[in-house]
Amino acid sequence: MQTQYGIVQVKVTVAGGKITNVSFAQLTAFDPRSQQINSYAAPILLRETLSAQSAQVDSVSGASYTSAGYVQSLQSALDKAGVK
Amino acid sequence: MGTVFSFDVREPGVDRAVVDDVVSWLHHVDRTFSTYRADSLINRLSDDPTLATPEVDEVLAACADLSAETDGFFSAYPNGTLDPSGYVKGWAIERAADLLSAAGSRNHSVVGGGDVQCVGSAAPDQPWRIGIVDPFRADQLLATVTGSDRLAVATSGTAERGAHVFDPHTHRPATALASITVVGTSLARVDALATAAFAMGPDAYAWLATREDVQAFVVDTHGATWSTGEPVPRMLYG
C-alpha cells in the first residue's frame, strides 16, 4: 500500500479466525510498470540441507501445522520476522 | 479449521480490507466443509443431499476425479464417511490466493497448515523461495523450491501429528515414509497428490514419477531422500 513513507508490504497472520499479527516493511522500488511477463519456467527444487534460520526463505512447507504447533513452527518465526 | 493462515502480499497498493474479505471467505469454507462442526453443510449432506451448493459440487467432483487418478489412494471417504478435508485445505488456500488476484494483487503468497500457494514473485526479479522442512528436525530444511508466476508446494507426512494419514484401502496408518512434498502450480492438486502418494507407501516413488505436471521430494523413515528425475529407489518390504 502507498503511504507517505513510500510503498510498504503488508503481511497478515490469521489464527483461530482472528488476525493476530500484521507487519509492515518498506520496500524499495517495486515498480509495477517494470514487471516483465515471462513465459512460465518450471520451479527449481534444490536438495540442500540448511538451517531454517539462515536459509532466507519466504515460507516453509512441512507436514501439517496445527494451531498449537504453529507457535513453535518455522512459519511462525518467519511471520514474526516480517520481510527481510 | 484449526489451521493457521498467513497472507504475504507484496503488491503495492492492495488495501488491507481485501485480506479481511478473504478471511471472511475462509470462515465460510469452515462453515461449509468442516467435519468438526456438527452443523456444517458437509455433515448435513448425508441427511439432505439437496443442500449441496455449486461450491460443494465442485469440490466433490474434483475429489472424484482425483480418486480415479490415484486409484483410490486419495479419497473423499478416507475413513468410510464423507470427509473431503484432504482436498478442501489446499483448494481453500488456492482460492484465497485467487481472490487476492481478483482484487488486484499480482504478487502474494498464502500459507496454511504447511501448504503454500504463491502468485507472481517475491520481489522484482526475485522468485518465491520455499523451504521444505526436515520431518525429523523442525529447525532444518532439506531442500528449497524457487519459482515465480504460480507456485504451489504441499507436504504430507507424519511429522506434526503422528500417523494421521491413512491408507483408504486398509484404513491403517501409512508408515513407510516420513514426508512427501509435491510441487506444481495448483495447491488443490498438489495437496491431494501428496496425500494420495503418502498413503501409497513405497509405491509412491514410481507413481509420482508418472505425474508429469509436478515435481516431488520424498523423505523415508530412515531419512533417505529422493526427488523427481532420480532413479526410483527399490525399497525392501518387511
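How many residue pairs are in polar contact between chain B and chain A? Here are my notes on that and on what surrounds it.

1. The count is 20 residue pairs in polar contact between chain B and chain A, both residues at pLDDT 80 or more. A polar contact here is a pair of N or O atoms within 3.5 Å; within protein, one must be able to donate a hydrogen and the other to accept it, and residues adjacent in sequence count only if both atoms are side-chain atoms.

2. Before going on: this is a predicted model, where local features need pLDDT of at least 70, side-chain atom pairs count only at pLDDT 80 or more, and totals for chains, interfaces and linings use all residues. Residues are numbered from 1 along each chain as its sequence is written, chains are lettered from A and ligands numbered from 1 in the order in which they are written, and side-chain values use heavy atoms, leaving out hydrogens and water.

3. Chain B puts 67 residues into the contact and chain A 47 residues (contact means heavy atoms within 4.5 Å). Together they bury about 4900 Å², with 52% of it on carbon and sulfur atoms; that is accessible area (1.4 Å probe) lost on putting the two parts together, summed over both.

4. The term means a side-chain nitrogen of Lys or Arg within 4 Å of a carboxyl oxygen of Asp or Glu. Arg10(B) meets Asp58(A) this way at 3.3 Å, N to O. Arg129(B) and Glu48(A) do so at 3.8 Å, N to O; Arg129(B) lies in strand E4 of chain B and Glu48(A) in strand E4 of chain A, so the pair joins two chains.

5. Now look at the sheet. Its 4 strands form an open sheet in the order E4(A)-E5(B)-E4(B)-E5(A), with mixed pairing. Strands are DSSP runs of E, at least two residues, and helices are runs of H or I, at least four, numbered from the N terminus; two strands pair if DSSP finds at least two bridges between them. E4 (44-51) and E5 of chain A are at the edges with a single partner strand each, so one side of each has no neighbour in the sheet. From one strand to the next, the twist averages 35°, with angles running from 0 to 180 degrees between N-to-C directions of axes, which are lines fitted to C-alpha atoms, for helices over the stretch in contact.

6. As for the pairings, E4(A) and E5(B) run antiparallel, joined by 6 bridges, and Leu46(A) stands opposite Thr144(B). E5(A) (59-61) runs parallel to E4(B), with 3 bridges.
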